[in-house]
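Have the sequence and the 3D view open as you read.

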Amino acid sequence: DVFKKFEGEEYDCDFGFSGVVRPEQTNDWRTKIVQKSETWKDINFSFSQHRHDSLESYARRLNRAKAWLSTTGPADLVGTRYYEVAALGTTLLVCNRFDVVYDGLFDDEKNCVMFDSLQELENKIRYYLKNEEERMRIVTNAQDHVLENHTWFHRAEKITNVLKNNMEK
């Protein structure tokens, strides 16, 4: 209910992310991206620490970006931010490429945009900012995918089934 399109919200940045920046995160992507973003004079980049007033203010912040970064953490985990961004129906999910980690969860250029290098990231951001129809196709695919497969209800159902199956043994 929180991670949705908020009527009347306008985009106020092209690309953003929030969270902790520390070198032990996979490939230190966040530090590198913040540093590189300083050279992107024509891309309105937004970065904030991972502290938010409320879930709704955080969801609204995500809604106001055309693209949002979500990188794997130190243990290469896919955190909730992936699903939160995808559920919005407004914002393109951009993430580091990690085939084994994302298998069965997200597909590059179908329901997210993945990158292997800073140059590829910059090129893809520029491309999707200029190609709104393609950006929105991926955004819509992501929202459909998450709402059909990855809500808290789906996770609760899966856990319940695992518990039932183990209790029956």
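## Two helices crossing

H1 and H5 cross in a right-handed way (the near helix is turned clockwise from the far one by less than a right angle). This is a predicted model, where local features need pLDDT of at least 70, side-chain atom pairs count only at pLDDT 80 or more, and totals for chains, interfaces and linings use all residues. Residues are numbered from 1 along each chain as its sequence is written, and side-chain values use heavy atoms, with hydrogens and water left out.

Helix H1 covers residues 29-37 and helix H5 residues 118-130; their axes come within 11 Å and cross at roughly 60° (axes are lines fitted to C-alpha atoms over the stretch in contact, with angles from 0 to 180 degrees between N-to-C directions). Helices here are DSSP runs of H or I, at least four residues, numbered from the N terminus. On the H1 side, Trp 29, Lys 32, Ile 33 and Lys 36 meet Leu 118, Leu 121 and Glu 122 of H5 (contact means heavy atoms within 4.5 Å).

## Leu 92 and its neighbors

Leaving out residues up to four places away in sequence, Leu 92 touches Lys 66, Ala 67, Trp 68, Val 85, Val 113, Tyr 128, Arg 135, Ile 138 and Val 139.

## Cysteines without disulfides

The structure has zero disulfides (pairs of cysteine sulfur atoms within 2.5 Å). Cys 13 is in none, and the nearest cysteine sulfur, in Cys 95, sits 17 Å away. What about Cys 95 itself: how far is its sulfur from the closest cysteine sulfur? That one is in Cys 112, 4.0 Å away, which is too far for a bond.
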